[in-house]
Amino acid sequence: MEQRHLGRTGLRVSRIGLGTLTWGRDTDEHDAAELLKVFWEAGGTLVDTADVYGDGEAEYVLGQLIEGLVPRRDLVISTKAGSVPDPDRRFDGSRGHLLSALDASLARLGTDYVDLWQVHAFDPDTPLEETLQALDLAVSTGRARYAGVSNFCGWQLAKAATWQLSAPGPRTRIAGTQMEYSLLQRGVEREVLPAALDLGVGLLPSSPLGRGVLTGKYRNGTPAGSRGASEHMAPFVAPYLDDTASGIVDAVQTAADGLAVTPLQVALAWIRDRPGVAAPIVGARNAQQLTAALSVETLSLPDEICRALDDVSAPVHHYPDQDWSTL
């Protein structure tokens, strides 16, 4: 699998990443082992997790598979901290919480360091410079090799990345930002992506298949066994089952028919090759699904197909995001 640099850093990641959102909950250790083995054998390196996935079980399961199944040196392990199970405070970006969470993640993962450590979300109740100092400390102490953020809007990302580049003292530049991005969710193109491109931050799209909807599996209803049929995952899928999404899915299906490939391959190839994207994170439920996703490695969409998909899924951007002198 082709390797790409994450932003303006020396960190190289496989251009498709493996997500672990369901590990330890819907995906048991046996299925996780199959997924990791298939991914590794295909040349995949980037495995993405978080301390809150499965209440820590995702990290624990991944830790059990390292070395015994896949050598640690062959993986780029990314995890996150900052989300907390507190209805009154969903995010905690304080230095104390973040560093304690990192130590707990390392213990579950059974490793001395993570390759990429990300702040899971912006915390409006903690000064940003305190949050960023936690990233500096994690890297300077060897607990993380690189640092990034997740779910930061445009101004938040720009402020964080600029602070790390310009503040006095040794600072750890923001290597990447993980954001939801797909043909069904192109909101990052408004401000996040321009900021990332300008500041040398690599983009790691989550839910690159529109929470599974872009595979076309929901065109004729909700199939049994899908995430849309799961009690705790159905609300996650529901926003992309409207008429607007349906039109985009139909266009993806038309493109797939014309290229003699699957809608999954079309949607994933489109997002993989967008400007600024380092690696979409794919959350497969089983080895068969993952194998289907990894088959996109040999596919490059023709320019006319890309333009057609761009047009049918284009978000509405007006003032001040585009040239407004003609408005």
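Predicted model: local features only at pLDDT ≥ 70, side-chain atom pairs only at ≥ 80, totals over all residues.
1. Two strands pair if DSSP finds at least two bridges between them. Take β5 and β6 as the opening case. Strand β5 covers residues 76-81, and four bridges join it to β6. The two strands run parallel. One of the contacts is A81, whose bridge partner in β6 is V119.

2. The overall sheet comes next. Eight strands form an open sheet with parallel pairing. Their order is β9-β8-β7-β6-β5-β4-β3-β10. The edges are β9 (202-206) and β10 (281-282). Each edge strand has a single partner strand, so one side of each lacks a neighbour in the sheet. As background, strands of a sheet pair through backbone hydrogen bonds, either parallel or antiparallel.

3. What links β6 to β7? Five bridges do, between strands that run parallel. β6 spans residues 114-119. W117 has A147 in β7 as its bridge partner.

4. Strand β7 (residues 144-150) is largely enclosed by the rest of the structure, because five of its seven residues are buried. On the β8 side, four bridges join β7 to residues 174-180, again in parallel. G148 stands opposite G176 in β8. From β7 the chain crosses through helix α5 (residues 154-166) to β8, and this β-α-β crossover is right-handed.

5. β8 and β9 pair over five bridges in the parallel sense. M179 stands opposite P205. The chain goes from β8 through helix α6 (residues 192-199) to β9, in a β-α-β crossover that is right-handed.

6. Two backbone angles deserve a look. N151 is not a glycine, yet its phi is positive, at about 60°. N151 lies in the loop between β7 and α5. With a relative accessible area of 41%, N151 is partly exposed. A260 is the other case: its phi is near 60°, a positive value in a residue other than glycine. A260 sits in the loop between α8 (243-259) and α9 (263-272). A260 counts as exposed because its relative accessibility is 70%, and the cut-off is over 50%.

7. A287 belongs to helix α10 (residues 287-294). A287 has a relative accessible area of 16%, so it is buried. A287 and G43 are 244 residues apart in sequence. In space, C-alpha to C-alpha, the two are 15 Å apart.

8. C153 is partly exposed at 28% relative accessibility. C306 is also placed in the partly exposed class, with 23%.

9. Rolling a probe the size of a water molecule over the atoms shows where empty space is left. One cavity of 30 Å³ or more is counted. The largest cavity has a volume of about 30 Å³. Which residues line the largest cavity? They are V119, A121, F122, D123, T126, L128, T131 and F152. By class, the lining has five nonpolar, two polar and one charged residues. V119 links this point to the sheet: V119 is the β6 bridge partner of A81.

10. Last, the open space. The second largest pocket holds about 390 Å³. Its lining has 15 residues. Nearest the centre of this pocket lie V52, S83, V84, R90 and H120. Six lining residues are nonpolar, five are polar and four are charged.

Terms used
Residues numbered from 1 in each chain as written. Heavy atoms only, no water. 1 Å grid on protein atoms, 1.4 Å probe; cavity = no way out; pocket = protein on both sides within 12 Å on 5 of 7 lines; lining within 4 Å. Points joined across faces, edges and corners; volume = space filled by probe spheres on them. Nonpolar A, V, L, I, M, F, W, Y, C, P; charged D, E, K, R; others polar. Buried < 20%, exposed > 50% of the residue type's maximum accessible area, 1.4 Å probe, protein only. Right-handed = clockwise from strand over helix to strand, strands pointing away.
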